Each structure stands twice: as structure tokens, then as C-alpha cells.
Amino acid sequence: MSKEKFVLHIIPLAIAIGILLFVGCAPRQEIVLTWPSIWVGQDAKAAAVTALVDQFNENYEGVYRVEIEANPDYDGYRDKINALVAAGNVPDIFIFNVDPTTLQFYEGDILLDFTEALSGEWGNQFVDGAIQGATINGRAKTIPYEIAITPIWYNQQLFEQAGITEFPTTINEFWDAADALLASGVTPTSQMTGGSNAWTSMLWYSHLLGSIGGSAVWDNRLPHQQYQRAAEVMLRMFQQYTTRDAVGGDAGVSGGHFLTGRTAIFINGPWYIGRVRDEAPEIYEHVRLAPAPALSGGAHGHQVGFPLSNLAAANTDDPDRAEAVTTFMQWMTQPENVRAISLDSGSLFAIKFDVEGATLDHLQKQFIEASSNATFIIPHFQSQYSADLVAEFGQNLGALALGEIDSRQFVDTLAQYDR
């Protein structure tokens with residue numbers, strides 16, 4: 001080969017090699033992950049979660065960055081995420097609520113699969129059964145994160161002022177206590193029929209059903225007689241022992257009455273600890289927790305509990321992007337990071353962490369005890385039925401309270417939506 005021909009061949013080859021070497025050595029473009037999050041604004045976890053995201057971004061500066069997209073409307077967030085996922089527009093990272101309406105998203109390949117990653121050392125950080133609970137058909141497509149029980153909250157100071165020494169264990173004792181509270185000028189319970197699920201009252205209904213049906217309560221489907229019996233108790237609460245704005249009221253109405261001391265009894269989960277502590281410290285110090293009262297012949301000492309929120313992500317064919325998501329999920333589930341969120345907010349998590357040496361919030365301590373001492377734990381009513389039926393629950397509860405339908409009609413109407 002002549003010198004001229006050799007040069008003509010070798011120069012393009014050298015240029016190609018140079019380009020490959022330059023591309024191989026060039027810094028990888030920063031991967032940005034968007035996280036539409038409900039843990040913002042007034043949410044008790046907002047400050048700690050934001051701090052962890054900021055620290056993650058600092059640790060991985062130029063490599064990974066997570067940007068929080070604030071979604072402070074709880075009901076709106078759920079609807080937005082479900083609509084996005086159903087349309088295939090899955091967010092990079094999001095909070096996944098596990099219930100019958102969302103289990104369909106485990107099908108197909110729209111969610112990033114964490115099964116293999118969780119099978120190693122990472123999976124050992126979670127409480128027993130947590131990963132199994134997030135696993136469907138052998139695949140863990142969400143990360144178990146925040147968990148909850150929803151015991152009865154009561155204002156011990158208002159109870160003592162009414163001459164009540166302890167929270168009643170039977171429904172008849174409960175009616176007596178409610179009458180004593182009324183006589184002292186305090187409305188006994190916070191109830192509601194608004195929102196997408198009539199949250200506070202839905203939890204009351206779930207507790208009552210648990211007393212009637214025991215740990216296998218959800219084996220009895222609508223219109224089993226247990227639902228009518230629990231509805232009759234709810235009717236009495238609405239007619240005699242709650243606020244006038246309960247029918248049509250939302251979570252803000254229900255919680256607001258308890259936070260201002262207008263009602264003595266409330267139901268919510270551990271995520272509400274920070275709000276009571278910050279917004280109503282004079283109420284906070286008097287709050288105590290208890291199991292719901294038992295109906296005649298029913299069980300007592302159980303709790304209503306559930307996985308509150310898992311973390312999920314959009315599936316991707318880009319291994320670098322998948323690695324970025326997994327790295328962030330591992331960061332958010334590091335025991336010391338979860339500990340920081342829990343101690344700051346009072347929330348409970350599916351990740352094990354050491355509380356030795358920590359000054360536990362007195363309500364958080366009660367939550368831990370309530371969970372440990374529960375005779376059994378059942379999921380709530382909402383988790384067992386479709387979104388359409390749950391939406392009808394609140395509307396029909398309002399109709400029941402107003403005397404427009406009776407308890408039998410209440411149950412029969414709901415049963416029509418159980419498909």
C-alpha cells in the first residue's frame with residue numbers, strides 16, 4: 001500500500017477512535033428525577049423529607065438530582081397520580097397508595113421492578129412482612145414505606161372534666177361517656193361525610209366492623225348483616241354525638257374540631273401527631289390513644305392498620321436512570337434517614353431503625369404500644385372495596401344521618417356497587 005493510501009485510511013480511523021475516547025471520557029449528563037409529592041406544605045413530614053432530598057442532591061451533585069413537585073391537596077394528589085399512571089404518564093418517582101384501585105398498575109411493565117434489588121442486603125432493613133406485602137405475583141414493584149394504625153384519639157383533660165376516668169371498653173359504656181361529655185358542654189366525637197372517602201367516619205365504621213367480625217371481618221362481604229349493625233351505631237353517633245357540620249364536612253372540619261377542643265374523640269393515624277403538636281400544643285399534651293369500644297358480644301383490643309404509602313417509580317429501559325431511582329430509594333429508606341423523619345413527624349415506617357437514646361414523642365410511643373398490644377389488626381373498609389363504592393359510602397352516610405334512608409337501605413345501596 002502506498003504512503004498516500006495508508007494516510008487516507010488511518011486518518012479517518014484515528015478520528016473515529018478519538019471521538020469514541022472523547023465520548024467515553026465525557027462526563028455523564030446529570031439525571032434529573034421529578035417527584036410529585038404530598039409530603040410538602042403543612043404535612044408533618046415535609047421539613048424532614050425536604051432536608052433529605054436536599055442532602056441527596058448535594059451528595060450526588062452533577063450526577064443525580066431529585067426535584068420535588070409540591071402537591072399539597074391530599075385527595076387531589078391521589079386522583080392525579082391514578083389518572084397519570086392509568087394514562088401511561090408515570091411520574092419518575094411518586095407516592096403509591098396500595099388498594100384495590102391501584103393493584104392493576106402492578107400488571108404490565110409501567111412500574112419499575114425492585115424485586116432483585118430488595119432480595120439483597122437492602123431488603124433486610126425492612127420490618128418482617130413488609131416486602132411480602134408489597135409483592136404481587138412474585139414481583140415487588142413498589143417500596144414499602146409509611147405504615148399506620150388508626151386508633152381512637154381522646155382528650156383526657158375533657159374526659160376528666162366530665163368525670164370519666166378511662167376510655168370505655170364497651171359500646172354501652174361509650175354511650176354513657178358520650179352523655180357525660182355532652183353534659184359538660186363538649187361534643188363527643190368528630191365525624192364527617194365529605195372528601196373522597198369520609199375518612200374519619202370510615203375509620204370508625206371499620207373499627208366497629210372489626211369488633212363484630214373479628215380478624216376475618218372482610219371475609220363477610222356486603223350486604224352481610226355486620227354492615228347494618230355497624231351502620232346503626234354510626235347513625236346514633238351522627239344523631240346525638242357529633243357536630244352539626246359533620247354531614248358534608250371534610251377532614252379539615254373533623255380534625256379542626258378536635259384541634260380546638262370542641263370535640264373530645266377523634267380518629268387518625270401517626271402522621272397527624274406533628275400537626276397536633278405544632279398547631280394545638282395545649283391539646284397535644286392531653287391526647288391519649290385507645291382501642292375502639294366493643295359492641296355487645298364483639299371483640300375488643302384490635303386496631304385498624306394498613307400500609308399507608310409506598311414509594312414507586314416509572315419503569316425505564318435506561319439502566320442509568322433505573323440506577324438513579326434505585327439509589328434515591330435506598331437513600332430514603334436508610335434507617336438513619338427514616339429515623340429522622342419518624343422522630344420529627346411521628347410517622348411510622350416499614351423500615352427498622354434504632355430509637356435508643358431518642359426522646360420519643362409521647363404520642364408516637366403510644367402508637368408503638370398500641371400496635372404492639374393489638375389483639376389483631378385489620379385493614380380499613382376503603383381498602384376492601386372499589387373507589388366507586390367508597391365514594392358512595394360518604395354520600396350514603398350523609399343520607400343515613402339525615403334520615404333519608406335507614407341502615408338496611410344504606411347497606412343495600414353500597415352492595416349495588418360491589419362488583
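The legends below walk through several close-up views of one predicted model.

In this predicted model, local features need pLDDT of at least 70 and side-chain atom pairs count only at pLDDT 80 or more, while totals for chains, interfaces and linings use all residues. Residues are numbered from 1 along each chain as its sequence is written, and side-chain values use heavy atoms, with hydrogens and water left out.

**View 1. The whole chain, for orientation.** The chain holds 17 helices and 13 strands; helices (H or I, at least four residues) and strands (E, at least two) are DSSP runs, numbered from the N terminus. Its C-alpha trace spans about 110 × 50 × 35 Å along the principal axes. Of the 419 residues, 51% are buried, where buried means under 20% relative accessible area, exposed over 50% and partly exposed in between (1.4 Å probe, protein chains only). Among contacts (heavy atoms within 4.5 Å) with a separation of 6 or more, 75% join residues 24 or more positions apart.

**View 2. The largest nonpolar core, around Tyr205.** A nonpolar core is a set of buried Ala, Val, Leu, Ile, Met, Phe, Trp, Tyr and Cys residues joined through side-chain atoms within 4.5 Å. The largest one has 80 residues, and Tyr205 is one of those that touch the most other members, along with Trp153, Tyr227, Ile265, Phe381, Phe393 and Phe410. Beyond its neighbours within four places in sequence, Tyr205 is in contact with Tyr227, Ala230, Ala231, Met234, Phe381, Phe393 and Phe410. Another core of 50 residues lies apart from it, with Val49, Ala134, Ala324 and Val325 among its members.

View 3. The buried set includes Leu389, Glu392, Phe393 and Asn396. These buried residues of α16 pack against α8 (199-213), α9 (225-240) and α17 (407-415). After the helix comes Gly403, with a positive phi near 80°.

**View 4. Lys45, a buried lysine in a loop.** Look for Lys45 in the loop between β1 (31-37) and α2 (46-59). Lys45 counts as buried because its relative accessibility is 3%. Setting aside residues up to four places away in sequence, Lys45 touches Trp39, Glu146, Trp271, Ile341, Ser345, Ser347 and Phe349.

View 5. In the loop between α8 and α9 sits Pro223, and the peptide bond from Leu222 to Pro223 is cis, with omega near 5°. Two residues other than glycine are also worth a look. Asn137, in the loop between β4 (135-136) and β5 (139-140), has a positive phi of about 55°. Its relative accessibility is 75%, so Asn137 counts as exposed. Ala198, in the loop between β8 (187-189) and α8, has a positive phi near 50°. Here the relative accessibility is 0%, so Ala198 counts as buried.
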